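Hello! Here is the structure I promised to pass on to you.

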Amino acid sequence: NELKARIKDGSLSGWYILCGEEDYLKRYYAKELREKIIPEGDPFALFNYVSFDGADIDFAAVSEAVKSPPMMGEYKLIEWKYASLDGLKEGQRGALESLFPLKEEYPYSVFLISVNADGFDTGTKKKPSKLKKTLSAAFDIIEFSKSGDAQLLSWLKKHFDAEGIDADISVLNAMLFRCGRSMELLNNEVIKLSSYLKANGRCAARAEDVEGVCSATVECEAFALSNAVTEKNTEKAFAALADLKMRRIEPGAVISMLEKTYSELTSVSLLLDEGKGASDIEEILKLHAFKAKLYINAAKKSTTKKLADTLSQISHIDASSKSGGLSGYGVIEMFVTQNI
């Protein structure tokens with residue numbers, strides 16, 4: 001919030017590290033900061049923006065960039081993209097620390113480091129890592145963790161609104177289930193779906209549009225395959241399997257996701273047998289409402305014993321494939337054939 005406020009009012013002086021799992025937000029705020037300091041069409045951009053890429057950079061060059069004054073502007077930006085701070089050797093860390101006094105001496109230079117998702121272990125709030133403590137002496141460290149469902153639903157709604165597309169909660173929930181929770185992927189899928197709807201003269205999305213247009217995660221496709229097997233729908237099962245093959249998803253990943261799906265389906269079925277309702281199942285299994293509804297409908301098409309037996313079978317396949325037994329799509333095809 002403080003970074004957002006600084007960008008808005010232009011009080012940008014400082015050094016920043018953008019880190020965490022959510023790459024989309026890191027790129028978004030780096031872009032906002034860059035555009036505030038170097039407006040589009042700025043004839044002095046060449047002088048006021050210096051970029052470094054990758055794990056290894058020349059810290060002497062960074063020092064020179066920080067010291068040189070901006071040209072016809074209040075600030076200049078020095079940006080280090082795709083950094084891996086945990087991967088720095090002791091001498092490199094020392095070279096980075098040696099730059100710290102320059103922050104106060106040259107306040108017109110904004111130094112921005114964007115770190116790879118696994119490039120900086122910050123520790124915890126109660127026990128920050130040693131490197132975080134060191135870097136905090138000079139940098140404002142902003143960590144972008146994965147967003148929760150409520151945040152993502154609100155964010156998706158804003159993006160659809162910006163595209164001029166009406167999307168109700170069923171569409172937003174369908175997006176999370178089908179496309180996953182990566183903002184980067186969701187952003188691309190919102191653009192894709194919006195473009196499809198506009199090309200067809202529509203301004204409102206439906207949940208079935210998400211299934212027809214948006215790319216699915218392995219988890220979603222594994223559920224589609226499991227659901228088709230549970231329904232004993234051969235056509236749907238082999239269509240789902242063909243999609244996984246076409247995307248060249250590793251067979252081991254498919255087997256693991258099938259095992260996870262059947263585990264959840266079995267748990268849902270057991271709870272239904274106990275007379276639990278949808279809200280109870282959501283709370284006990286920590287399932288999103290949309291996912292819970294799909295799993296409840298799927299579980300009702302089978303029996304707890306059948307689902308448990310299928311889970312046992314896919315678990316044995318998973319264990320066998322990891323210990324030198326049968327593996328590949330052949331064993332998945334055999335599993336599908338035996339259970340339909």
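**Salt bridges**

At 37% relative accessibility, Arg-247 counts as partly exposed, where buried means under 20% relative accessible area, exposed over 50% and partly exposed in between, with a 1.4 Å probe and protein chains only. Its partner is Glu-221, and the two side chains meet in a salt bridge of 2.7 Å, N to O. The pair links distant parts of the chain, 26 residues apart: Arg-247 sits in the loop between helix H13 (234-246) and H14, and Glu-221 in helix H12. Glu-221 is buried, at 10% relative accessibility. Helices here are DSSP runs (H or I, at least four residues), as are strands (E, at least two), numbered from the N terminus. A salt bridge means a side-chain nitrogen of Lys or Arg within 4 Å of a carboxyl oxygen of Asp or Glu.

Please keep in mind that this is a predicted model: local features need pLDDT of at least 70, side-chain atom pairs count only at pLDDT 80 or more, and totals for chains, interfaces and linings use all residues. Residues are numbered from 1 along each chain as its sequence is written, and side-chain values use heavy atoms, with hydrogens and water left out.

How many salt bridges does a search of the whole structure find? It finds 24. Another one joins Lys-301 and Glu-231, at 2.5 Å from N to O. Lys-301 lies in the loop between H16 and H17 and Glu-231 in helix H12, so this pair ties together parts that are 70 residues apart in sequence. Salt bridges that share partners also join Glu-219, Lys-260, Glu-264 and Lys-291 into one network.

Asp-23 and Lys-26 form a salt bridge too, with the closest N and O atoms 2.9 Å apart. Being 3 residues apart in helix H2, they are separated by about one helical turn. Asp-23 is partly exposed at 30%, whereas Lys-26 is buried at 4%.

**Aromatic pairs**

Rings of Phe, Tyr and Trp (its six-membered ring) pair if their centres lie within 6.5 Å; planes under 30 degrees apart count as stacked, over 60 as edge-to-face and the rest as tilted. By this rule the count comes to 13 aromatic pairs. One of them is Tyr-24 with Trp-155, edge-to-face at 5.3 Å centre to centre and 80 degrees between the planes. Tyr-24 belongs to helix H2 (residues 23-37) and Trp-155 to helix H8 (residues 149-162), so the pair ties together parts 131 residues apart in sequence. Both residues are buried.

Leu-18 has Ser-114 as its bridge partner in S4 and stands opposite Ile-142 in S5.

**Helix H17**

In H17, Thr-304, Leu-307, Thr-310, Leu-311, Ile-314, Ile-317 and Asp-318 are buried. They cover an arc of only 150 degrees around the axis (taken from the directions from the helix axis to the C-beta atoms), which puts them on the same side of H17. On the other side, Lys-305 and His-316 are exposed.

Enjoy exploring!

Key. Pairing = 2+ DSSP bridges.
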